[in-house]
Amino acid sequence: MNEHNVVFQPGNVVVAVQEGSTLKETMNDAGLAFDFLCGGRGTCGKCRVRITRGLTSPLTKEEEMLEANELNEGFRLACLTTVQHDLIVELPNQKSLQHNILIASEERVFQLEPHFHKVFLEVDKPSREAQSSDWLRLKESLIQKGYQDRALGASISVLRQMPDVLRGANHQITAVMYESNVAGIELRDSTQTMLGMAFDIGTTTIVGYLLDLYSGEELSVVSTLNPQTSYGADVISRLTFAGHEENGLTKLQDAVIEAINQLISQAVEKVSLTKSQIYGISIAGNTCMHHILLGINPQSIAVSPYVPALSETLVLDASELQININPAGKVFMLPNIAGFVGADTVAVLLSTELDRSEDIKLVIDIGTNGEIALGSREKIVACSAAAGPAFEGAQISSGMRGAVGAIDHVYYRDTLEYSVIGGGEPLGICGSALLDTVAGLVELGIINKRGKILDLEQVTNPAAQRFKENLIQFEGQGAFLLADSSITGHGRAIMITQSDIRELQMAKGAMAAGVRILLETYGIQAQDIKEVLLAGAFGNYLTPHSACVIGLIPFELENRIKMIGNAAGTGSKLALLSSSEFRRAEAIAQGVKFVELGSYPKFNKIFGECTYFTIN
Ligand code: FES
């Protein structure tokens, strides 16, 4: 088969590919980061690239999704267009690929209790009179420090290093102990430092925290877009890819492990340390991310009754997973609760201490799959709400993730105002702006309770008249214009259409139904909740008032909402820095009562009611 050269600009990245490969496959091969929001299924229309040389006729699907002037200017969809000639392809404004990744969070007080301990040893040297083996003499030194002879063990990799390390350090070594095993040996006295890295593996982003395991100090923080996004934006598309593509699971596993290894390198380089000083890493991620990282087929999550392959804590050798830290290093996997309530939720509960709270609190992590937990130290109930991708900007006509160029907040003042992430010209709207826009329209009476954009004549609120220019018709449906094509970064208008409002209603309806069903299951009313804790990126950026106006969160709780940042990251750190917190994570996972929304008796009725807007 013929091979062609594709040149990607800016950067002049040249890739030779087989004829017939899609541009998406070509970009993946070249390692070019790109956001394929619908996973390359040709349904979101967001993977626009411009072909400046070698352009061929568009496919029917591209004609449906792109405007005539865009097609004429050479725009095509990277997931659909195949390479038939040598091509020059211009990638969109790279700024839009820079994602805002949430790394900050609330911290809490806890007892440091590392999984590893370092012990400095002066091991007896062998002599003609004392000819016992290296291992016996090393064990003898450990016994003198209080370790029990019978329990002591060592891995083969430690035993291999032992003769050289002992002699290279004049028999003054540091033993790194994991329980009663010698996990590593280091030259001379290295007891001052021991490192670990805590990871929060999100469907969209990965954050890693390099920690000093003795002091708990955070030495550096690194983050990246989860490279699996090239294979699908959400959990469902990853499950589909893992289950139906050839070597799909391996590709996803390799992608995440490579990203983890890159982050480890970046984190230690930032502070001039080395990977071999890292002995432990902890992992918090949703059940799908958890299974993929372990190379476990996640298909059981995808079909009823949606059970995970495993839900307990796990301690694995890092080398087994090809994670590049000290060869004796361990990976601490936090436990899952259910197929769609994973270790990331357990980490959030660990960090918020819901299991120790005297007051009843509601913890919400809003996303494509929103996780909701309600409870106190008495009991905790949790569910997962299939909100769909609207909050992340997918399936929304002008939607995009919360990246540079996204309108993130909208204000109805004398005129319509908005803020753009990173400043500059807007490229689209992200979930928080979608909420603000719709909430404002609901309050102005431009959108009714059922979500319909009214004709201006039907709007009775005089304040709404200020925005009458923004009410437009687009492709046969009502729409609200946020930014005219003359002021956007790509020359296309940014708006909210009637269909976008329907998408939002579905998403918020699912989340609100989850909250209502948990309240019913618990046997309390919304006003019994003392605090609403919003975890995760979306929760951190949304405007609480907007969330209450649209009914995502019960209105009476508006003043009890608190943003807690990347609480999953904090939970992951706790599990790494304290072995008792790691054990507590397992107790939390086992103690939470999971509520399956789909099989709740009145689910459809509750969901239908929850798609309406709350108008106070
Ligand atoms: S249409 Fe190409 S990624 Fe969605």
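The paragraphs below treat the pockets, then the cavities, and finally a helix pair.

The model is predicted: local features need pLDDT of at least 70, side-chain atom pairs count only at pLDDT 80 or more, and totals for chains, interfaces and linings use all residues. Residues are numbered from 1 along each chain as its sequence is written, and side-chain values use heavy atoms, with hydrogens and water left out.

Rolling a probe the size of a water molecule over the atoms shows where empty space is left. On a 1 Å grid over the protein atoms alone, a pocket is an open set of points with protein on both sides within 12 Å along at least five of seven lines, a cavity is a set where a 1.4 Å probe fits but cannot get out, and lining residues have an atom within 4 Å of a point. Volumes are the space filled by probe spheres set on the points, which are joined across faces, edges and corners.

The largest pocket holds about 1,500 Å³ of space. Its lining comprises 50 residues, with Gly45, Lys46, Arg48, Ser397 and Arg492 nearest the centre. Domain 1 (3-92) and domain 5 (393-503) both contribute to this lining, so the largest pocket lies between them; the domain bounds come from an automatic or database domain assignment. At least two lining residues come from each of strand S3 (48-53), helix H2 (60-65), helix H3 (68-72), strand S24 (494-497) and helix H12 (498-522). These elements are DSSP runs numbered from the N terminus, helices being H or I of at least four residues and strands E of at least two. By class, the lining has 18 nonpolar, 18 polar and 14 charged residues. Here Ala, Val, Leu, Ile, Met, Phe, Trp, Tyr, Cys and Pro count as nonpolar, Asp, Glu, Lys and Arg as charged, and the others, Gly among them, as polar.

In the second largest pocket there is about 1,000 Å³ of space. Of its 34 lining residues, Asn28, Pro227, Ser230, Tyr231 and Ala255 lie nearest the centre. Domain 1 (3-92) and domain 3 (195-333) each provide at least three residues of this lining. Helix H7 accounts for the largest share, 8 residues, and the lining as a whole has 11 nonpolar, 15 polar and 8 charged residues.

The structure also holds 4 cavities of 30 Å³ or more. The largest cavity contains about 800 Å³ of space, and 44 residues line it, with Thr204, Ile366, Glu392, Ala537 and Phe538 closest to its centre. Helix H13 gives the most to this lining, with 4 residues. The second largest cavity, of about 50 Å³, is lined by Thr345, Val348, Val363, Ile364, Asp365, Glu371, Ile372 and Ala373. Two or more of these residues come from each of H10, strand S16 (361-365) and S17.

Leu249, Leu252, Gln253, Val256, Ile257 and Ile260 in H7 meet Ile292, Leu293 and Leu294 in H8, contact meaning heavy atoms within 4.5 Å. This contact has 8 nonpolar, 1 polar and no charged residues.
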